[in-house]
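Here is a short report on the structure shown below.

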Amino acid sequence: MNGWDELARLSLEHFALVGAALAIALALGLPLAVLLTRHARARRATLAAVNVVQTIPSLALFGVLLPIPLIGGVGKRSAIVVLALYALLPIMRNAVVAIVGVDRGVRDSALAMGMTPRQILRRVEIPLALPTILAGIRIATVATIGTATIAAAIGGGGLGTYIFRGIATADLSTVLAGAVPAALMAIVMDEVMEWTERRFSY
Amino acid sequence: MLAGIDLTLERGETLVLLGASGVGKTTLLRMTNRLVEPSAGEIRFDGKPLRDWDPIALRRRMGYVIQDGGLFPHLSVARNVGLVPELEGWPAQRIAARVDELLDRVGLEPAQYRARRPRELSGGEKQRVGIARALAADPPVLLLDEPFAALDPVTRFEMQRQFRALQQALDKTVLFVTHDLREALALGTRIALLAHGRIDTLGTPREFRAARSAQALAFLRTLEEQAA
C-alpha cells in the first residue's frame, strides 16, 4: 500500500476516534455537570469518582475493559469508551466550576428580577460560564488526541499503529510517522479551540 | 437574627432601613421578595401573605438594585435594561423604546450607552443602568440595597439628588437599605433604625433628628463629626 494513503487513512481513523470519544464525553458530561451544579453533595462525590478514573494509567484502563462485554473487548469500541472516560473529567470539572463560580450578585439579580431557574441557567449561567467550559473542552481535545495513540494497543487503529509498529521493529522513523502527525493534530485543534473560546468571551 | 419587627410600607413612600453592618437590613430586604424566607412571622404584599404569592410574579413587581449593580456582564446595557420586558414577552420595538426612555431618565444618553458592556461603565454609570433595569417593567415597588455605597462621595451625592427627583416623578414605593444616616435623611420619607435585630427607632427624618435612643444618638453623632 502507498505510504501516504496509509498515513491519510490512519490520521482520519485517529481523528474519528477522538471525535467519537469527545462527542460521548460532551453528551454525558455537560448535562451531568449542569445537574451537579444543583446538588453540592453529589457534585463532590461525582467529581471525586471522575478524578479517580483520571489517575488510572490509560493502558491499564484499556486492559480492564478487555473482558467486559458490550463496551469492552478488542477494537474501536472499547478504545472510544476509554477515551471518553478520560475526556469526561476536564469537561465536567470546568463546566461545574464555571457555573458554580458565576458571581453571586449577578445570580441574585437574576433571581430577584423574577427569572426562573431554567432562564437563569440558559441566559445567565451558561453564557457566563461558556469561555471556561470551552477551555475544558480544549484541554480534553488535546489530551484525547495524545491518548488515542494508545488505542492501537487494543486494535483501535489510528496513528498509534505507526508508533507500536515502530517500537516493535525498533524503527524510529516509523514511530515518528505516528507521533508527528498526532502532535500536529493536537496543535491545530488547540489553536482552533482557542479561537472559538475568544469568540465567546465577553 | 431579626425578631419582633412590625413594619408597614405605605404606597409611594420611601422607607429607609438604617443600621450598622450585619444588623439584618439586607436580610429584611431580601425577605420582601422571597430571596430569603423568614423562619417565623408573616409578610404581606397587596394584602396577600408572601407565601401565597408565586415568587416569580412577586419579584416582577419589585425592582431590585444591589451595591455593585449586579449587571449581566455578557449583555449590553440595552439588553440588561430590557431583560424583564423581554421575559414578559414585550415586542422588540416596545422594549427598544422603553430602554431609551429609561436611559434618558437616569441621565445616560441612549445613543451613547445602549450598546456598551457593563465593564465599559464607571461605578456611577453601572448604578444608573441598574436603576433603569429595575424600573424596566414599571414595578410598583423598588428594593435598593446600599445602591450608592461603593461610589465616590461626589458621584454618590449626585446620584442621591437625582434619585430623589426620580422618586418624585415616578411615585414608587421604595425600601432602601443604607448604613449612612446622611443618605437616610436625604432620601427617606421615613427611617427605620435597626439595631440588635429589632426596630430601635421609626419616624420621619425630622422625628429621627429628635430621637433620643442610644442607637439613634450614635448615628446622629456621625452628622456632627462630619459637620465639624
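A:Leu159 touches A:Leu10, A:Ser11, A:His14, A:Thr149, A:Gly178, A:Pro181 and A:Ala182, leaving aside residues up to four places away in sequence. Contact means C-beta atoms, placed from the backbone, within 7 Å. This is a predicted model: local features need pLDDT of at least 70, side-chain atom pairs count only at pLDDT 80 or more, and totals for chains, interfaces and linings use all residues. Residues are numbered from 1 along each chain as its sequence is written, and chains are lettered from A and ligands numbered from 1 in the order in which they are written.

A:Leu159 lies in the loop between helix 6 and helix 7 of chain A. Helices are DSSP runs (H or I, at least four residues), numbered from the N terminus. A:Leu159 is buried, with 27 other C-beta atoms within 10 Å; the cut-off for buried is 20 or more.

Helix 1 of chain A also has buried residues, among them A:Leu10 and A:His14. Their cover includes these helices of chain A:

| Helix of chain A | Residues |
|---|---|
| helix 2 | 40-55 |
| helix 4 | 76-100 |
| helix 6 | 117-147 |
| helix 7 | 160-168 |
| helix 8 | 172-199 |

The axes of helix 4 and helix 6 of chain A, lines fitted to C-alpha atoms over the stretch in contact, come within 8 Å and cross at roughly 160°. That makes helix 4 of chain A roughly antiparallel to helix 6 of chain A (angles over 145 degrees). The residues of this contact divide into 16 nonpolar, five polar and two charged. Here Ala, Val, Leu, Ile, Met, Phe, Trp, Tyr, Cys and Pro count as nonpolar, Asp, Glu, Lys and Arg as charged, and the others, Gly among them, as polar.

Definitions and conventions:
Buried ≥ 20, exposed ≤ 12 C-beta atoms within 10 Å, placed from the backbone. Helix = DSSP H or I, 4+ residues; strand = E, 2+ residues; numbered from the N terminus. Contact = placed C-beta atoms within 7 Å. Axes fitted to C-alpha atoms, helices over the stretch in contact; angles between N-to-C directions. Parallel < 35°, antiparallel > 145°, perpendicular 65-115°, else oblique.
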